Amino acid sequence: MTKSAIFQPLDFDRLNAPEQSRRSEEFLRRMVKRRSVRHFSSAPVPLNLIENAIRVAGSAPSGANQQPWTFAVISDPALKRKIRAAAEAEEKESYERRMTPEWLAALAVLGTDWRKPHIEDAPYVIVVFRQAYGIRQNDAGQDERVMHYYSEESVGIAVGFLLAALHISGLATLTHTPSPMKFLAEILGRPANERPYILIPVGYPAEDAEVPVISKKPLDEIMISR
Ligand code: IYR
């Protein structure tokens, strides 16, 4: 049965111009301070910050509002150890054999290697899964595939929301994409329609955390106006 749209009035806060500027400047000032962190403290993080950030991610727009995502929140040390070991095994193979010299050269500015201690050190690891298709029961009680539209784009947008929410809550994150990532679906026992999309260690930076000196392109290099 197709469901048709039901409409309601939009709940929208029309801000005055100074308030718009204030919020815009404040958000910009805070967001540009976000850095990918690879040295985490094991200090605990309140779970409600993680939950709220996932609520923010879950509010993201998605193709046909299908919300094709699952956020796996992992804090169990044994599970984190297992994920780290599997990620490092894939990454070692990648860094030593699979990545091209051009790729390794591009990565040199970040100073990364196959070692991923942050997966164990950070109190939480969020693994985001993309639901390549949905599953529903048909009238005969059998599972049927539901086509998902723009799931890659939808999950990308939700992850952007998630990273922003975690950062604004005073938490550090890393976007990590061990390749291939299939082991995450296996370790976490996810169904066949879920594809690992990204792994995000979340926590506080280690006292002595360092980040590479890199810069972002200025506005005139990333924006065109006509
Ligand atoms: N996935 C690897 C390699 C890596 C690739 C890119 I592109 C980066 O921006 C950073 C790392 C790793 O996580 O080390």
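A: One term to start with: strands here are DSSP runs of E with at least two residues, numbered from the N terminus. Also, this is a predicted model.
Q: Thanks! Which residue stands opposite A172?
A: That's G203, which is in β6.
Q: And how many bridges join β5 to β6?
A: Two bridges join them, and the strands run antiparallel. β6 covers residues 194–203.
Q: What's the strand order in the sheet?
A: The order is β1-β2-β6-β5, in an open sheet of four strands with antiparallel pairing. β1 (69–74) and β5 (172–173) are at the edges with a single partner strand each, so one side of each has no neighbour in the sheet.
Q: Which strands does α2 lie across?
A: Helix α2, residues 47–58, lies across β1, β2 and β6, and runs at about 170° to β1.
Q: How about helices, where do the axes of α2 and α6 come?
A: The two axes come within 8 Å and cross at roughly 145°. The crossing is right-handed.
Q: Which residues make that contact?
A: From α2 there are L49, I50, A53, I54, V56 and A57, and from α6 there are A158, F161, L162, A165 and L166. By type, 11 are nonpolar, with no polar and no charged ones.
Q: Changing topic: where is S41?
A: S41 sits in the loop between α1 (17–31) and α2. A polar atom of the S41 side chain lies 2.8 Å from the backbone nitrogen of A43.
Q: What is S41 in contact with, leaving aside its neighbours within four places in sequence?
A: Those contacts are D121, A122, P123, Y204, P205 and A206.

Definitions and conventions. Residues are numbered from 1 along each chain as its sequence is written. This is a predicted model: local features need pLDDT of at least 70, side-chain atom pairs count only at pLDDT 80 or more; totals for chains, interfaces and linings use all residues. Side-chain values use heavy atoms; hydrogens and water are left out. Two strands pair if DSSP finds at least two bridges between them. Contact means heavy atoms within 4.5 Å. Axes are lines fitted to C-alpha atoms, for helices over the stretch in contact, and angles run from 0 to 180 degrees between N-to-C directions. A crossing is left-handed if the near helix is turned anticlockwise from the far one by less than a right angle, and right-handed if clockwise. Ala, Val, Leu, Ile, Met, Phe, Trp, Tyr, Cys and Pro count as nonpolar, Asp, Glu, Lys and Arg as charged, and the others, Gly among them, as polar. A polar contact is a pair of N or O atoms within 3.5 Å; within protein, one must be able to donate a hydrogen and the other to accept it, and residues adjacent in sequence count only if both atoms are side-chain atoms.
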